[in-house]
Amino acid sequence: MTSMSRKIFISIVGSLFLGLLLSVLVLHQAQKGNNTTVEVTRKAFKAVEYSQDLRKNFLIIERLDKRVLAMSSFVSHEEIVSIFNPAKQQFMKAITGLKQNILSPKMAHMIEKLETAKDIWLKDSEILLGLKPSFFIPTMEKYNRSKNNLATLINEMQKLAANDATWISRKAQADVSSSLFTTFSIAMLAALAGSFAAYLLARGLSKPLVNLVATAEQLVTGDTSVKFAQADRKDEIGAVVRAVANFRDGIIQKLSLQEQLAEQAEALQEALAQEKHLNKLQREFVSMASHEFRTPLAIIDSSARRLEKRKDKLTPQDIETRTDKIRNAVSRMMTLVESTLDAAKADNGKLSINPKETKFKDLVDHICERQNDLYTTHNISSDTQGLPSNLNVDGSAIDQVITNLLSNAVKYAPGCPDIFLKGWQEQGQVRISVQDFGLGIDEDDLPKVFGRFFRAKTSTGIPGTGIGLNLVNQLVELHGGIIELESKAGVGSTFTLCLPIEAAQSQEQPLNFAI
Amino acid sequence: MQKFLTGLFFLTLFGLSSSNLLAQESEQLKQQYKRPLEIPFPVNAPYSPQLATLGKMLFFDPRLSGNKDLNCASCHNPSFGYEVPIKTPIGTTKTPLDRQAPTLLNIAWVTSLFWDGRALTLEKQAEGPITAKVEMAGKFDIIIERLEEISEYEKWFKKLFPQKGIAKDTILTAIATYERTIVSEWAPFDRWVEGDEAALSPAQKRGFEVFNGPGKCASCHTGWLFADNQFHDIGLSTTDIGRGKIEPNNVFAQHGFKTPTLRELTHRAPYMHNGSLTTLQDVIELYNSGGIKRISRSPLITPLNLSKQQKSDLIAFLKSLTAERNNVTMPILPN
């Protein structure tokens, strides 16, 4: 070998050696930076995760509280314990978790506040749920205050954790890049050839690292579509890539959880709106019902007084008119009481029918006759020729349905004495329509007519509780049938009862609405 | 004395400092109206949510009345501040009762029950309306029989009272426990007391001054409850001797009635023990005139000579004691 080539050889070997040495340095530096990046990113993710857990379990307990405080139905101690205790445990775990992954001084401060707020709220909750005996029960206002205070803090915590996580991973990335840059400069100056080799080596190492940090940052902002190259590398880079890939999977899970939470929150919001609406309806119902009770009471009272006052001068006919009035008023009240009890029955999902072979046409005729006798102001013209003589139905339920439709027709058609009832068969169905020429129903109100406690705008001034049609509808549905409604404000309404000829076999149907 | 005069001198001299003093005084006044944040329960009848729920169901259950036609809410209707919007309620015999149903709001803080204070505990009180012939006309043996037929009631009484099950005193305890949870909602006035200046209108704030000052209302309608749990004759025209029946020898007890709370007044017309005043205007006119002068009339009641403005401010203030919302959910009664 010539000295030249030896020189070259030595210089190459030397610079290679130097390059190698520097490469080791770079590698070391890069790994150090990488380790801290991984560590910090993990911490950030953990904090975000725990802040979400916090919220989730808070919501679980809050929903339980609401149910128990409504006192609308029994919630057993055992059930309360079985929901409350695990949720509380998870809640506490999330707080401990947050304490171990504090990202910023602000967050540390927030956790302190959260811990105090949590103590107050949990204590209020536990007393109200009967888990902690006390002779001083928080008022709703106190409970709401402690709850709202905590809810605000939890929200803020969630935001803060997400923000801190983004900021921290960005900072870690910057640190790694700058330390790599210094090392590279030295390497460049020391040995061009070595540095070239080192550069090649470093590039192989740093590029995936920098990519990775960018990926992590992307992840924190919620973009989970990122791809991972070189995950199968056997070295530390490969390990790091796999670790971050694992985080990505975690994040995807978190995100879907978050979505679920958002859905849950939305569902809660909807339930709340629904509840508010029901509350309003109920309030109207309560005042309506008490009014309903009072009107017949007043009639009874005045008739009885008159009887008493004029007891010597009364002819049998006078007595009859008065007693008729009294009996009518009594029967109105009975109907009201019964319909209220029926409604309560329906609430418990206990409404049931008992279909059997029934003389159907006779039944309908009988109802028409009976109701015709009852009404002095209206006349029912019935055409029942088309009805089958026998049908498998629950007679008393059908009686209730038709009677209700007829009495509605009378009630909502003051001054329009004609009511038509027609029965026929069509497409495997038995149909009975009840038509009046009264007030009719506004178009906006049509879809709501069968709802609980609903009273149409046009019904203003006419007593009623809004229970009847709701019940009618349920009874018909139990038969597998439906009620069709055609109506126009100011023209009149036609309710058509449609029953399948192959009558309902199912006897009970789960009813899912609650107050 | 001299010190006092000099003080007075300086006060009038520096209007600023005197108005400061006024503000301070009104702050102190507000403190007396702070709401309690907890409901007191008696040691012998502790709260549990299941017991309160049971009580609520019984409260709304007509099966507690002889003819299954009335429940407690028939006369203590949540939509009308737990009263009825007629002079006096009508019981099962269809005749009006002698007295208006008092509100049940904040009843946990009321120490003597009924208008004349003849019952001392809610447990004792609830027996009255259930069995009274003119009210619900129920009989406990029949009620117990009826409730025993309802499996859910049976189950819950057993659970809550393993020894006694369904019995007169367990029924009453449950109802009383529910009643204690009836608390008036947070009203604009309460938010003002807590520091929200915008919660009351200027007229309402002036009304508060009249209430505590020239109106002298606060001498009986005290604290956040606006009631002192005492009996007074306010000069109302009535044949009812009220507390006089319990204390026949006490001159001042004649025509004396328990001071009622003033919360949710807007839902609770007509007013007074006999429902004889239909509007708040009528009430203010009565107080302004001092009512009927008789020996039993409280010395705190004298003609007031309030101006027109003061009267309307006072009414505006009374209205600030009604909450905007009132969420009462009905229980689902077991069958």
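In helix H11 of chain B, residues 280-289, five residues are buried: B:Leu280, B:Val283, B:Ile284, B:Leu286 and B:Asn288. These buried residues pack against helix H12 of chain B, which spans 308-319. The model is predicted.

**Helix H11 of chain B**

- The buried set of H11(B) includes B:Leu280, B:Val283 and B:Ile284.
- An α-helix has 3.6 residues a turn, so residues three or four places apart point the same way.
- The partner of the buried residues of H11(B) is H12 (308-319), also in chain B.
- Just after H11(B) comes B:Gly290, with a positive phi of about 85°.

**Chain B as a whole**

- Chain B holds twelve helices and three strands.
- Chain B has 335 residues, and 55% of them count as buried.
- Take the contacts in chain B with a separation of 6 or more: 67% of them are between residues 24 or more positions apart.
- The accessible surface of chain B is about 15,200 Å². Carbon and sulfur atoms account for 58% of that surface.

**Chain A as a whole**

- Chain A has ten helices and eight strands.
- Of its 515 residues, 43% count as buried.
- Now take the contacts in chain A between residues at least 6 apart in sequence: 73% join residues at least 24 apart.
- Chain A exposes about 27,500 Å². Carbon and sulfur atoms supply 57% of this area.

**A charged patch on chain A**

- Four glutamates gather in a patch of negative charge on the surface: A:Glu259, A:Glu263, A:Glu266 and A:Glu270.
- A:Glu259 lies in helix H6 of chain A, which covers residues 236-309.
- A:Glu259 has a relative accessible area of 55%. Exposed means over 50%, so A:Glu259 is exposed.
- Patch members need over 30% relative accessible area, so A:Glu259, at 55%, clears that cut-off.

**A nonpolar patch with residues from both chains**

- A:Phe135, A:Phe136 and B:Val43 form a nonpolar patch on the surface.
- Together, A:Phe135, A:Phe136 and B:Val43 have about 300 Å² of accessible area.
- B:Val43 sits in a loop of chain B, between strand S1 (38-40) and helix H3 (49-59).
- The relative accessibility of B:Val43 is 63%, so this residue counts as exposed.

Definitions and conventions:
Residues are numbered from 1 along each chain as its sequence is written. Chains are lettered from A and ligands numbered from 1 in the order in which they are written. This is a predicted model: local features need pLDDT of at least 70, side-chain atom pairs count only at pLDDT 80 or more; totals for chains, interfaces and linings use all residues. Side-chain values use heavy atoms; hydrogens and water are left out. Patches are made of residues with over 30% relative accessible area and no salt bridge: like charges are joined within 9 Å, nonpolar side chains (Val, Leu, Ile, Met, Phe, Trp, Tyr) within 5 Å. Accessible areas come from the Shrake-Rupley method with a 1.4 Å probe; for residues, only the protein chains shown count as cover. A salt bridge is a side-chain nitrogen of Lys or Arg within 4 Å of a carboxyl oxygen of Asp or Glu. Lys and Arg count as positive and Asp and Glu as negative; His and the chain ends are not counted. The place of a charge is taken as NZ of Lys, CZ of Arg, CG of Asp or CD of Glu. Helices (H or I, at least four residues) and strands (E, at least two) are DSSP runs, numbered from the N terminus. Buried means under 20% relative accessible area, exposed over 50%, partly exposed in between (1.4 Å probe, protein chains only). Contact means heavy atoms within 4.5 Å.
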